[in-house]
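Welcome! Please take a moment to look over the sequence and the 3D structure below, and then read on for a short tour.

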Amino acid sequence: MRSPKKVATVTGDENAAIASDRLRIAAILESPEGKRNPAMAQKLALYSVLDAETARGILAEAPAANPYLQAMDREGPLGLGAATVDFSDDPKAARLKELSAGVAAFNAEKGWTKKSKNRE
């Protein structure tokens, strides 16, 4: 039979220290500076003994976590939904499309259509 594990007793001073440290960590992680660079905020909060104001000052001077996202916020969307190059007047592409349609018609006439994968 195993003996029950003893639970460590925690004094009031230790509880106050734990609560104070949790508040410091939350102040760093939940700040606007911490949300802008969460990876660095987590390292400053968990692996240093800096107070929240000093950590927030460091985070304010540090670059954002992702420079691309920072640039996108500054510049706005680029609108790349439209086609950038028009290939409709390409004679080679037109000929390939013509050949593809002719081969598909020939195969359909001969009964050589592709079998669907859903057939059993």
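A residue is called buried at under 20% relative accessible area, exposed at over 50%, and partly exposed in between (1.4 Å probe, protein chains only). This is a predicted model, in which local features need pLDDT of at least 70, side-chain atom pairs count only at pLDDT 80 or more, and totals for chains, interfaces and linings use all residues. Residues are numbered from 1 along each chain as its sequence is written, and side-chain values use heavy atoms, with hydrogens and water left out.

**Overall make-up**
- The chain has 6 helices and 0 strands, where helices (H or I, at least four residues) and strands (E, at least two) are DSSP runs numbered from the N terminus.
- Of the 120 residues in the chain, 13% are buried.

**The core**
- I25, I28, A41, L44, A45, A52, A55 and L59 form the largest nonpolar core, meaning a set of buried Ala, Val, Leu, Ile, Met, Phe, Trp, Tyr and Cys residues joined through side-chain atoms within 4.5 Å.
- Two or more residues of this core come from each of α1 (12-29), α3 (38-46) and α4 (52-61).
- Beyond its neighbours within four places in sequence, A41 is in contact with I28, L29, G34 and L59 (contact: heavy atoms within 4.5 Å).

**The aromatic pair**
- A search of the whole structure gives 1 aromatic pair (ring centres within 6.5 Å, using the six-membered ring of Trp; planes under 30 degrees apart are stacked, over 60 edge-to-face, the rest tilted).
- The ring centres of F106 and W112 lie 5.8 Å apart with planes at 70°, so this pair is edge-to-face.
- F106 is partly exposed at 41% relative accessible area, while W112 counts as exposed at 54%.
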